[in-house]
Amino acid sequence: MLALGLLVTLSALGTGLGIAAAAPAPDSGAAGGGVKVSALAKAKSSGKPVEIVEGRTETSEVYANPSGTLTVTTHLSPVRARQGGKWVAIDTDLVVGKNSVRPKAAAAGIELSDGGTGPLVRLNDDTRVLEYSWPGKLPKPRLAGAVATYPEVLPGVDLQVEVDAKGFQQLLVVKDAKAAKNPKLRKLTYGIKSNGLKVTADEKQGLKAADAKGRRMFSGPAPRMWDSGKGGKKKQAVMETTAAGESLKVVPDQKLLTDTGTTYPVYVDPSFSTELPGAYAVHEFKPEWHHWDTERLWMGNDQGSDGKYTRTRSFFQVDVPYLAGRQVLNASLSLKDLSGWTGDCSRVPVELWETGSAGATTTWNNQPLWKTKNSSYSCPKGTMTLSATSAAQAAAQRGTSRVDLGVRTSLTAESARADSTRQFLTADAKFTVEIKNNGECFLVTDVSHTDPDGRSFTKEMNCDSLASDVKADPYTTAQTTGQLLAGPHGFVCWRSGDMNGAGNRIWYYVRGDTASGWASWKGWGFVPANKITGVGAEPYPGLPACDVHNVTPGITPPQDFNSDGLSDVVALQTDGNLALHPGIGNGTLGNKRMLWTDGRGSAYTNVFAGDFNGDGIGDIGGFDGARVWWWAGDGNSGVGTTAQPLMDNRYKTQAGFDPGIHAPCRVAFATDFNGDGKTDIAAACGQGSEQGDYDADSIWWWPGDGDGGVNATLGASLGYEYLYADRKETEFSPLDVTGDGRMDIARMPSPTILELNPGPLARNASYGTGTRQTWAPNGFGKVTKVFAGDFNRDRYGDVAGVDSSGQLWQWPGKGDGTFGTPSKMSTATDWGAYKDLL
C-alpha cells in the first residue's frame, strides 16, 4: 500500500470559527462576588500552587507558588481551545456538521468536505482562508476518530485526512503496485485558493503563502516522500514542487513509487503551516534540505537504503509568557519517547542545547550555532526531564520570551554510525520555567462600584502581594507613593495605544488600603510598565480608556515602528532616505532596514517621529519650515508612501506653524506635552513679543488631537510659547528626565552643553531655567547628532549621540537629571555619516 500526504496547519490569529481568542478571558468567580483574593494569596494560605486563570492560553498555564514565585508551563502543541467563551480540551475527533465535517474542539477553524466537488479542506483564522482541493469529485467520507477516509478517489487509491489541533495531514493511500502505475500519479495537481495570498514553492526552500507585504501566512518545508521499509531498506526522496496561480504541482519520484523494492505504503508529504510550534529537522542524507515537523522531534542516526548511516538533529523554539527580562530560577524540558520505540536508549543519549534561531534557510549544512549544552539523558526510555535553566536565563537576559533549543545525540553516538534514531511527540513535550514574581496585576470582572468622580465600573484589577512601589498621581493633589498588596484595588482604565514596553501605565484608584497608608481614596495613580503582564500589547482590552486628566504621556515620543513595544532609532541619510534600527530593549540595536528609499526626506527642513493618528505605532513627520506632513507607520517596520497634511482643526485646513514675530520656525519635533495621550507639535520659532529678543527664539507647541490634526483646544492663539531658545540650537529631544510620566526637553545650547528643561506639565516647572551640564561627560570630546529615547526599558529618558570616531553611544538616565555609564549601541563606526538621528 502506497500513501502520499499533505500536512497543512495554521495559527489562530483571532476569534472565529473554531479559533482560540487572542486574549484569554479571566476567571470571573461567583456571580456578584466582586473582590477576589489573588492567586498568590490563595497559594500562600493553602500551601499549594494555584493557577492564575487569567494567564491561561492555548499552549500555556501559569501557577502562583506558595513561595511567591510563578511557574509557567508551555506545551509544544496546543492543549486547549476556546469554545463558547470557555477553555475546552483539544478533541480532534471528527463529527458531521452542516455540509461539512469538523473536529469537536481544535485551535483552528478546520472544515473538511462531506463529499462532492467543493474544497477538500478549508482553514479559517478569521483573517485569512486557505482552501485546499482534490482535482475531482469526492465520495462521502468514513470517519474514525481524527481521520476522514475518502475511498477510491482513483482506482485502488484512498484519500485520508487526519486532523490535529491546528491543521491537517492528507494522505493518498495507494493500495498496490498496480494502483501505483496510474499515470495520474506522475504529477499531482492540487487546488490552492486564498484571500489575497501568493503561493510559491520549490524543492529547496519549500512552500510559502505570503500577503502583499511579503509576510508569511503559511509555509512548509520542501515536499518529501518515503516508503515503509525498515532500517536499511527504507527509501525516501525530496520531490520537485512548483506553484502557479491557484495550483500546487508535486512530482513524485517514479522510481521510489514503482520500484520492485518499494515497501508500501509510501508517504508523500508537502505541508503548509503558519508560525506553529514545531521543529526544523535536518538530515545529513539531504544536507541542503530541512523537514518542518509539527508532530515530532527527531535525533540520532538513520540507516539509508544505500546502507550508509546519516545523522539527524532538530531545532525548535519555545515562546514562554512573562519570561522576557525576568529572573529565572530554574527551567526544564519534558520529553517522552515515541510509544513503541524498541531502540537501545544507551546507544542514543539525548542532549539539550541552547542554539541560535532556526528558520527557513536552516539545513544540515547551515545549522544555527550550538551555543551551550544544558543537559543530557539516556535511560530508562519513556518520560525524561532535561534541565534548560541556562537557555531560559539567557533568553530572559536578552529581553525576549523566545528560547531557541536543539536536540541531538552525543558526538560519540553520532560517530558510532549505528541505526539509533530517537523521536519525541511534540504533543507530549512541555517547557516549564520558575520565575521570580515581579508583582503582576490581573483583571477581575463582575464588580460594581463608582469612583469619586461619579464614574461606574464593572471591571478592576488586583495586584499580587509582591507588587513593588507604585506611584499615586492624583491630578488635584501632590504626588505620593505606596505599595499595593493583594486586595481590593480598583484598577479601572488604561492608556490605549501606548504599548507597555514604551512606558504604558495602568491607572487605578484606591478604594481604601490601610496597608499602603491610604485609608481612603487618594486619587489616580499608575503601576509601572514592568509590573504589568502582556508587555508589547494591550493586556486588558476590556478596561475603558482613561479620561484626559488621568493619562500619562509615556516616556518618549511614540518611536516603535515594529510593534514590539521597544524604542527604535530612525536615521536620515544624506540622500533623503530613511533607515530604521530597531531597538532590542537592552541599549543596543538590531539590523538596519529601510523605512523609505525614494529620497523624500530631502524635501524637508527636518524629519521627526510621532504618533499623529493615535494608533500607538510610530509615524514620521516632515517639517518644511511652516507646515507638517506625515506618513503613517504600519507597525511592521514600514511607513506609508502618501504624505498626509497635519490639519488645523479650527479652520479645517493644513496647519501653519509660524507664530514668531521676529523669525520663522527652524526645526520641529513631537511629543505629548499636555498629558492627554496625543502627540503634540513643538518647534523653535521667533519670539512672540515686539519687545522680545530679535536674535533669539522660543520653543512653541501646539496640542494634537490624535487623529491627524492639531489645535482643537487652542482657540484663537498662535500657539503656546514656552521656553527661550538660542537661534543657534538645532538639537531638541523630548524625554522624561525624572520618570514622572511628564515629558521634558533636552536641548543643546552649544556643541558641548546639554540643557534639561522641565516640560509644560512637569511639577514645579521653572520656565527657561533648566539644568546645564558639560556634554558629553567622561572625556568623550564633541558628541554630535544627540537624541533621546528609553533604550533600556527602565522608564527613564536616555540620551544618545555620535562620537568623533562615528560610533553611537547611549547614556542611561538615572531619573534625577544625571546619567549613568555610557555604552555602545552598535559596533558600526559610520553613524557620523547620517544627516540626522531621531
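The structure under discussion is a predicted model.

The ring of Tyr-834 pairs with that of Trp-831; the centres are 5.6 Å apart and the planes stand at 50°, a tilted arrangement. Trp-831 is buried as well, with a relative accessible area of 2%.

I turn now to the aromatic pairs as a group. A pair of aromatic rings is described by the distance of the centres and the angle of the planes. The count for this structure is 18 aromatic pairs. One of them joins Phe-657 and Trp-702: the ring centres lie 4.9 Å apart with the planes at 80°, so this pair is edge-to-face. Phe-657 belongs to the loop between β52 (653-654) and β53 (667-671), while Trp-702 belongs to strand β55 (residues 696-702); the pair thus links distant parts of the chain, 45 residues apart. The relative accessibility of Phe-657 is 1%, which places Phe-657 among the buried residues. Trp-702 likewise is buried, at 1%.

Beyond individual pairs, one aromatic cluster is formed by Phe-669, Phe-673, Trp-701, Tyr-720 and Phe-732.

Next come charges placed over rings. The charged end of Lys-381 sits over the ring of Trp-341, at 5.0 Å from the ring centre. For Arg-408, the charged end sits over the ring of Trp-353, and here the distance to the centre is 4.3 Å.

Arg-408 also leads us to the salt bridges. Side chains of opposite charge can pair when their charged atoms come close. Across the whole structure, 22 salt bridges are found. In one of them, Arg-408 is the partner of Glu-351, with 3.7 Å between the closest N and O atoms. Glu-351 is part of strand β31 (residues 350-355) and Arg-408 is part of strand β34 (residues 402-408), so the bridge ties together parts of the chain that are 57 residues apart in sequence. Glu-351 and Arg-408 are both buried.

Which residue forms a salt bridge with Glu-51? The partner is Arg-56, and the closest N and O atoms are 2.8 Å apart. Both of these residues are buried.

A further bridge shows a contrast in accessibility. The side chains of Arg-727 and Asp-697 meet at 2.8 Å, N to O. This bridge also links distant parts of the chain, since Arg-727 is in the loop between β57 (720-726) and β58 and Asp-697 is in strand β55, 30 residues apart. Arg-727 is partly exposed, its relative accessible area being 26%, whereas Asp-697 is buried at 0%.

Finally, the cavities. There are 4 cavities of 30 Å³ or more. The second largest cavity has a volume of about 40 Å³. Phe-732, a member of the aromatic cluster, is among the lining residues of this cavity, which also include Glu-731, Arg-747, Met-748, Leu-754 and Phe-787. At least two lining residues come from each of β58 (732-735), β59 (744-750) and β62 (784-789). By residue class, the lining holds 8 nonpolar, 1 polar and 2 charged residues.

Notes. Residues are numbered from 1 along each chain as its sequence is written. This is a predicted model: local features need pLDDT of at least 70, side-chain atom pairs count only at pLDDT 80 or more; totals for chains, interfaces and linings use all residues. Side-chain values use heavy atoms; hydrogens and water are left out. On a 1 Å grid over the protein atoms alone, a cavity is a set of points where a 1.4 Å probe fits but cannot get out, and a pocket is an open set with protein on both sides within 12 Å along at least five of seven lines; lining residues have an atom within 4 Å of a point. Grid points are joined across faces, edges and corners, and a volume is the space filled by probe spheres set on the points. Helices (H or I, at least four residues) and strands (E, at least two) are DSSP runs, numbered from the N terminus. Ala, Val, Leu, Ile, Met, Phe, Trp, Tyr, Cys and Pro count as nonpolar, Asp, Glu, Lys and Arg as charged, and the others, Gly among them, as polar. Rings of Phe, Tyr and Trp (its six-membered ring) pair if their centres lie within 6.5 Å; planes under 30 degrees apart count as stacked, over 60 as edge-to-face and the rest as tilted. Buried means under 20% relative accessible area, exposed over 50%, partly exposed in between (1.4 Å probe, protein chains only). A charge sits over a ring if NZ of Lys or CZ of Arg is within 6 Å of the ring centre and within 35 degrees of the ring normal. A salt bridge is a side-chain nitrogen of Lys or Arg within 4 Å of a carboxyl oxygen of Asp or Glu.
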